[in-house]
Number of protein chains: 2
Amino acid sequence: MSSPSLASPIGPVVGVIGAGQLARMTQQAAIALGVELRVLAGSPDESAARVIVDVRVGDYRNLADLRDFAKGCDALTFDHEHVPTEHIRALAGDGSAVHPGADALVHAQDKAVMRERLTAIGVPCPPWRRIATAADVEEFAAENGWPVVLKAVRGGYDGRGVWICRSAGDAAEVLASGVPLMAEAFVPFERELAVLVARSPHGQGVSYPVVETVQCDGICVEVLAPAPGLDPEQAAVAQGIALKIANELGVTGLLAVEMFATASGLVVNELAMRPHNSGHWTIDGARTSQFEQHLRAVLDLPLGSPSLTAPVVVMANLLGGDDPDIFSRYEHVMAHDPGIKVHFYGKEVRPGRKIGHVTAAGTDLDEVRARARHAAVYLTEGVYT
Amino acid sequence: MSSPSLASPIGPVVGVIGAGQLARMTQQAAIALGVELRVLAGSPDESAARVIVDVRVGDYRNLADLRDFAKGCDALTFDHEHVPTEHIRALAGDGSAVHPGADALVHAQDKAVMRERLTAIGVPCPPWRRIATAADVEEFAAENGWPVVLKAVRGGYDGRGVWICRSAGDAAEVLASGVPLMAEAFVPFERELAVLVARSPHGQGVSYPVVETVQCDGICVEVLAPAPGLDPEQAAVAQGIALKIANELGVTGLLAVEMFATASGLVVNELAMRPHNSGHWTIDGARTSQFEQHLRAVLDLPLGSPSLTAPVVVMANLLGGDDPDIFSRYEHVMAHDPGIKVHFYGKEVRPGRKIGHVTAAGTDLDEVRARARHAAVYLTEGVYT
């Protein structure tokens, strides 16, 4: 490795901008590798800040804060995609090794830029268009039919910033918000798949098995690994698409590609360039967790094996309910299922908030899925299913 | 769970006395469970102190320091076995939940107390005797033959405090040191086995599969899980012995039982009551790592599944060599073997010091063992084997 600090018995310093659960889980991998993690947190009680020693409190929108944070880091990466693109360019200009770089990350920040690029490199996308006016939407609908999916070009996640409009009236409401928008044709999908790949600066790529993601109200609630019953050829196509995107866009670190499986093939939905909810199952279910993989990629180390540690792995998110008393319910879920893996992010419990996840592994999909669901429902709602 | 703090969305606080690699690796499990770890470190740059936010610097031999440390902890446990037994009793008297308790832990602190108790409950031990003089040793040798193994009654670990004496002259040298000693007959063993069990305060017990440990100069260098070719009946006997000891001694938390396999059966060698080097393979190779298991036990949560995630798992210790530049050698070992798991403890590299470990998993023992050895030798010595 080329960075001089790597020669020290004290590990390389990786700075993570943002201190949510992704940075928190990255700390588990950093501990194993002897990598020193530093986080830029908005406040000292954020999820990752509770488990990482080197916490800097600052604003990721403020270049001076980012520059202070970057000092002494061997590599910089992200817990989220909200750092202004121009600040990332400035950090790289200062000499920081930022992964992913601004030119790649912009495709996960700006959905219109993403669609332009994916279309240009021949990756299947739904029909789409930048729109500004009601007339633009009507014209798009005339060509592609209703419903029309309007998306905020920037800033959306977990279903926020996405509106399924069934009429010009629906669209007018969204247009009234004034945020820059694009339109996409509604894709009548059979199911949603996700492919998580890693790519390192020297160009090595690795793909995890294709997974099925199950969403509810735009939020991922369940991930099935590998995607049940997926034709191996279609799996290879999906992995090929994700690796192609990583390569063409120059992604360094992780890239999650969310796809729709339709009767006529795969269509790319969204990109994320960081550890992703669709990859949480890898902590317990793969030889290399996505968090370790991301660290290896941003440090330009050889990538780790993505193979599963069980034939079937299911992850279910814990979405906060009305009752914050999660710990009191550990006893039941652990006694009921000694193999269940509980992950709690140390976040205040609020309704609908992602506060943790559980993972189950085994051989029979229905049984493994039932185990994960039982634990998730019981932990969040105290209901025995 | 009964502790009031467990009702909070912020997890229970577990205080670990000592801040070595065992506490460090416990943090990985604590992050997942949302348990808040606090460590009592001798200095702020110790292995665990580098990755845990709540570090208190103090002396584990000082009761005032221990009492300060214990305030606000829901449970107390240990990274090592050197806390004076009377201090542990005092902490329990203050109302702290200390796991293991003093009455159990003394058996891992005082080898003569351990031998007395194991003999009393019918656990197979080598012939042994407390000794004070050269005449005692000669008498013991007359009955049991040379060599005689002299052991410091307290304070030994990793081969320290153990002397294999082949003559009265050898013994005289050890006796001259003035430390309280006991004698044990030398056991002509075929191999060494270890059984790791957990026991919770409410009495649940779990045993991991029996492993074979390979020692060099009294230091564990390799662990093979499960112990190759072990007769299932003998494995059950070994697990039964360990669970019996845990139960009879009232162990809470983990108990590692090191055994000699001899032509005439199993003989218990040593006990440890904490996460143990013979269980490091569980991080990557079992559904529940020993560190998570220990946390679950000390919090009186139901114990987790000890099942393997691969047919064969091999752990090899990284013992510091002359060259501290471990990180520069990550590149080769990771490229050579994408499935190798590297654990580096963030400790200064000194010759012979345990500075990390590697784990390999697979199906063929010889191949998996060769992978682990290759990585361990290359990381520590830079030699390609």
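Predicted model: local features only at pLDDT ≥ 70, side-chain atom pairs only at ≥ 80, totals over all residues.
A salt bridge is a side-chain nitrogen of Lys or Arg within 4 Å of a carboxyl oxygen of Asp or Glu. R50(A) forms a salt bridge with E36(B), and the closest N and O atoms are 3.2 Å apart. Where do the two partners sit? E36(B) lies in strand β2 (residues 36-41) of chain B, while R50(A) is in the loop between β2 (36-41) and β3 (54-57) of chain A, so the pair joins two chains.

Across the interface of chain A and chain B, the rule finds four salt bridges. A search of the whole structure, over all chains, finds 46 salt bridges. Polar contacts also link the two chains: 23 residue pairs, both residues at pLDDT 80 or more, are in polar contact across the interface.

Which parts of chain A supply the side that touches chain B? At least two residues each come from α1 (21-33), α10 (290-298), α11 (330-336) and β16 (341-344) of chain A. The largest share, seven residues, comes from α1(A). Sorted by class, the side of chain A that touches chain B has 29 nonpolar, 13 polar and twelve charged residues.

Now take a step back and look at the interface as a whole. In total, 54 residues of chain A are in contact with 54 residues of chain B. The size of an interface is often given as the accessible area lost when the parts come together. Here chain A and chain B bury about 4,500 Å² between them, and 55% of it is on carbon and sulfur atoms.

Next, follow chain A by itself. The chain is divided into domain 1 (4-98), domain 2 (127-185) and domain 3 (191-381). Taken over C-alpha atoms, the centres of domain 2 of chain A and domain 3 of chain A are 29 Å apart.

Finally, a few details of the backbone deserve a look. In chain B, the peptide bond from H99(B) to P100(B) is cis, with omega near 0 degrees. P100(B) has its place in the loop between α3 (85-93) and α4 (102-109) of chain B. Another cis peptide bond joins W146(B) and P147(B), with omega about -5 degrees. P147(B) lies in the loop between α6 (134-144) and β6 (148-152) of chain B. Over in chain A, D300(A) is not a glycine, although its phi is positive, at about 60 degrees. You can find D300(A) in the loop between α10 and β15 (312-319) of chain A.

How values were computed. Residues numbered from 1 in each chain as written. Chains lettered and ligands numbered in written order. Heavy atoms only, no water. Contact = heavy atoms within 4.5 Å. Buried area = accessible area lost by both parts, 1.4 Å probe. Polar contact = N/O pair within 3.5 Å; in protein donor to acceptor, adjacent residues only side chain to side chain. Helix = DSSP H or I, 4+ residues; strand = E, 2+ residues; numbered from the N terminus. Nonpolar A, V, L, I, M, F, W, Y, C, P; charged D, E, K, R; others polar. Domains from an automatic or database assignment.
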